[in-house]
Amino acid sequence: MKYFIVVLSLCAFPALANVEITGSVEAKCVIQTNKSGVYGNPIASKLSTTPADGGVLPIVRYDVSIADAYTANITHPTAFSSSPTLSDTVAWTGSTAVTQTSVAGMSAYNAAKTVVGNSTIFNLTLAGSTWFSTASSAIYGSAKPLPGGTYTAVVLASCIAK
Amino acid sequence: MCWLVALRSSIIIAFLLWATALSGHEMTPAYPVIKLSHVKDVVKVEMSLFNSREEIKYYQIELFDLNWTNIPFSTTYRIIKVGYKEHKAFDVYIRKYDLPEAVYLCTTSKVKKSLVSSTLISSRICSRLDGKPA
């Protein structure tokens, strides 16, 4: 019996198989929220996310896997989504800029951006990560002091397939 | 030599912690395939959403034409709940009649009211139904 097992084990070939690993890279956009902004209140009638005004700029990061497949459309606020009751108008200003890039060529995005109304459009022509910051400022009508309370506004960060 | 290895390890750990601290919104595919549905004259688009934004729980599905006008569509829920670090697959049904006009299929995060004066970030990702650009 022992000899039989030894003979059988010699006859047994190791089982070999090639296991393939396949994968594909497809166009994909991920919007990462690095930092939500905070409004500073440098004077009674003004709220601003600018650090010089005591605010914090909101920062979003776009990761795109394929070059020239998406545009980044970032819209700064033109109204509060929640606030105390306001009896006068609010003058809004805002802007969006590239602050950091993973590829050196992306620094050209700032010069090539287009601004339509309160939206800033960046053509994401290179694969990789781009960080954008949005400045937002609201000044209450006729330099009136803003009523006390919590003010919230929304920045819309869109990644749109071309 | 050891201190160099330790320094390199701590840099890698710090980077990993920083990377995992990020929160994101992801929707695929960018150019979905239009499939036939079980309903006559209605097509189906299969999409996938991934939420790694801890502060976000709900996403709204929308369909637009080239001029960002809403196009009618059907899905199980127009506002879907997607937990933190959760993948969610969803189907969107479009009438064949509306398909030539349908261009952007988007998901938009629904933000919650904040307790401090702040700017909240709503993220929107849009796929194109009319195919890849030539």
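Predicted model: local features only at pLDDT ≥ 70, side-chain atom pairs only at ≥ 80, totals over all residues.
Colleague: In which loop of chain B does B:Lys85 lie?

Modeller: Residues are numbered from 1 along each chain as its sequence is written, while chains are lettered from A and ligands numbered from 1 in the order in which they are written. Helices (H or I, at least four residues) and strands (E, at least two) are DSSP runs, numbered from the N terminus. B:Lys85 lies in the loop of chain B between strand S5 (79-81) and strand S6 (86-95).

Colleague: Does B:Lys85 count as buried or exposed?

Modeller: A residue is buried if 20 or more other C-beta atoms, placed from the backbone, lie within 10 Å of its own, exposed if 12 or fewer, and partly exposed in between. B:Lys85 has 11 C-beta neighbours inside 10 Å, so this residue counts as exposed.

Colleague: What is phi of B:Lys85 near?

Modeller: Most residues other than glycine have a negative phi. B:Lys85 is a residue other than glycine with a positive phi, near 60°.

Colleague: And A:Asp68, what does that residue count as in terms of C-beta neighbours?

Modeller: A:Asp68 sits in the loop between strand S4 (59-64) and strand S5 (70-75) of chain A, and its phi is positive too, near 60°. With 14 C-beta neighbours inside 10 Å, A:Asp68 therefore counts as partly exposed.

Colleague: Which residue does a cis peptide bond join to B:Thr28?

Modeller: Most peptide bonds are trans. Look at the loop between strand S1 (23-28) and strand S2 (34-36) of chain B. There, at an omega of about -5°, the cis bond links B:Thr28 to B:Pro29.

Colleague: Which residues is B:Pro29 in contact with, leaving aside neighbours within four places in sequence?

Modeller: Contact here requires C-beta atoms, placed from the backbone, within 7 Å. B:Pro29 has 16 C-beta neighbours inside 10 Å and so counts as partly exposed. Its contacts beyond four places are A:Glu26 and B:Ser127.

Colleague: How far apart in space are B:Ser117 and B:Pro29?

Modeller: B:Ser117 belongs to the loop between strand S7 (104-109) and S8 of chain B, and counts as buried because it has 22 C-beta neighbours inside 10 Å. B:Ser117 and B:Pro29 are 88 residues apart in sequence, and their C-alpha atoms are separated by 36 Å.

Colleague: Which residues does B:Ser117 touch, not counting those up to four places away in sequence?

Modeller: For B:Ser117 the list is made of chain A residues. They are A:Val38, A:Tyr39, A:Leu47, A:Thr150, A:Tyr151 and A:Thr152.

Colleague: What gives the most to the side of chain A that touches chain B?

Modeller: The contact draws 34 residues from chain A and 29 residues from chain B. On the chain A side, the elements giving two or more residues are strand S1 (29-35), strand S2 (37-38) and strand S10 (152-161). With ten residues, the most comes from S10(A).

Colleague: How many bridges join S10(A) to strand S8 of chain B?

Modeller: Strands pair when DSSP finds at least two bridges between them. S10(A) and S8(B), residues 118-128, run parallel, and A:Val155 stands opposite B:Ile121. The number of bridges between these strands is nine.

Colleague: What radius of gyration does chain A have?

Modeller: The C-alpha trace of chain A spans about 105 × 35 × 25 Å along its principal axes. The radius of gyration is taken over C-alpha atoms, and the globule rule is 2.2 Å times the number of residues to the power 0.38. A compact globule of 162 residues would be near 15 Å, but chain A has 27 Å.

Definitions and conventions:
Contact = placed C-beta atoms within 7 Å.
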